[in-house]
Amino acid sequence: MTDLLTRTIKFDATRKAGLERLDSFVPFAGTTYRTERNFDYGPANRSNVSALSPWVRHRLLTEQEICDRVMQDFALSSTEKFIQEVFWRTYWKGWLEMRPSVWSIYETDRMAALKRTQTNANMRRDYTAAIEGNTGIDCLDAWAKELVETGYLHNHARMWFASIWMFTLRLDWTLGADFFLRHLMDADAASNTLSWRWVGGLQTKGKHYLARASNIRKFTDGRFDPQGLTENAGPLPDDFAFDKPVPPEPPTPLPLGKKAMLLITEDDCTVEQLNFGAIEICSIATWNLSDLRSPLQIGDAASDFTTRALANAASRACEKLGGNATAFTGNDAIENMVTAASDAGAECLIVPFTAQGWARAPMNQLAAKCRERGIAFCEIQRNWDIEAWPHATKGFFPFKEKIPQLMLTAGFDIKGKR
Ligand SMILES: Cc1cc2nc3c(=O)[nH]c(=O)nc-3n(C[C@H](O)[C@H](O)[C@H](O)COP(=O)(O)OP(=O)(O)OC[C@H]3O[C@@H](n4cnc5c(N)ncnc54)[C@H](O)[C@@H]3O)c2cc1C
């Protein structure tokens, strides 16, 4: 176990802090990551994983930049495991993008489950005990508290947590996924929903993940000794047939030579990298929709990270493009945003592409309102997504086979340095 990488992390929602964490992690992205990444040493020691997910989820750092930095020091073969993990995020996003009904059904089922916690006293008691960390299962109780306090959980802890939630506590999976979305700083509709489904056996049909006490003892370095886990159970029952994947629409070309308002969202907080062609940015705004992650209250760590990430993105965008940014929050802001664009003389509103999830429907409403008021609406998609998402039609294994080709297309020398 290495002691060289910073053990405790300050999750500062700035691009600078993300780049610093990336730099300090890179020397460990080869053998150390491959052999030690499954250990959860606890919040006081995150020296064996990158902990970059809050930054990359908000694109304060991009997937391309992470791979770029790692590939400066490693050949793809030496850091393959880490690069593959980075591509898991891309894969899940592409998969959900092509099957939007999986998200809308999740939202409907979650609302029904939340209503049942109001009407069914036993369910309310069990659910409350789980989210407050009062079940008596030592690891789950500690992770529930860690999640609320810190806004981050190790990947293995997320898998064990979800499994115990579904198979030992027999709680509805959508409530667990909602608890994660409310508190994770990296809350992501695709990675979260599809990972919960995967643990439950709904994603890879019939294949589920069962948390075992011996595995938890080993990979938490003996910090936990959970009792009473259900180590034998079948996958969750499922009569849901996936829709046929619908390939993503090709990106709309940017209009030529128009004045535009640039809108920054939590999906992309490094907009100064985007190519606006001949468009003149005459106004900048941010739109914070993080409260829509759940019908319930969003946790402080998660909420603060997004608010600060947007402020940081806006200040960098203003530095590069000039002007000041206006901050908008929530669904009710649509009318005011379009008025602000119109007052600034914008003929077009430009926004980085919004992936499937809680922000997609409000973004569609904004697009409709813009058109109603004679303002063009345009989303800019990153090449990384355009190239990779169409390959997320089946499981991760066939997608993984495409990674070297995707890396080549993205301009990487995949033989690298060592
Ligand atoms: C039940 C469950 C819920 C999850 N919910 C989310 C979520 O809401 N948001 C989220 O970003 N991730 C989610 N994950 C995926 C994963 O746990 C986190 O991305 C990872 O733990 C982040 O920590 P890290 O940056 O230290 O990861 P590292 O191990 O250092 O990995 C490097 C990067 O690869 C990506 N990555 C790694 N593992 C995964 C994975 N399994 N799926 C997708 N991307 C991955 C992340 O961008 C991560 O920053 C979930 C996993 C499970 C099992």
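Visitor: In which sense do strand 1 and strand 2 pair?

Guide: This is a predicted model, where local features need pLDDT of at least 70, side-chain atom pairs count only at pLDDT 80 or more, and totals for chains, interfaces and linings use all residues. Residues are numbered from 1 along each chain as its sequence is written, and side-chain values use heavy atoms, without hydrogens and water. Strands (E, at least two residues) are DSSP runs numbered from the N terminus, and two of them pair if DSSP finds at least two bridges between them. Strand 1 and strand 2 (residues 280–288) have 6 bridges, and the sense is parallel.

Visitor: Which residue of strand 4 stands opposite Met-261?

Guide: Strand 1 also pairs with strand 4 (residues 348–352), in the parallel sense over 3 bridges. Opposite Met-261 stands Leu-349.

Visitor: How many residues of strand 1 are buried?

Guide: Buried means under 20% relative accessible area (1.4 Å probe, protein chains only). Strand 1 (residues 259–264) is largely enclosed by the rest of the structure, because its buried residues number 5 of the 6.

Visitor: What is the radius of gyration of the chain?

Guide: The chain comes to 18 helices (H or I, at least four residues) and 5 strands. The radius is taken over C-alpha atoms, and the globule rule is 2.2 Å times the number of residues to the power 0.38. For 418 residues the rule gives 22 Å, and the chain is close to that, so it is as compact as a globular protein of that length: its radius of gyration is 22 Å.

Visitor: What percentage of the chain's residues count as buried?

Guide: The C-alpha trace spans about 65 × 60 × 40 Å along its principal axes. Of the 418 residues, the buried share is 56%.

Notes: Buried < 20%, exposed > 50% of the residue type's maximum accessible area, 1.4 Å probe, protein only.
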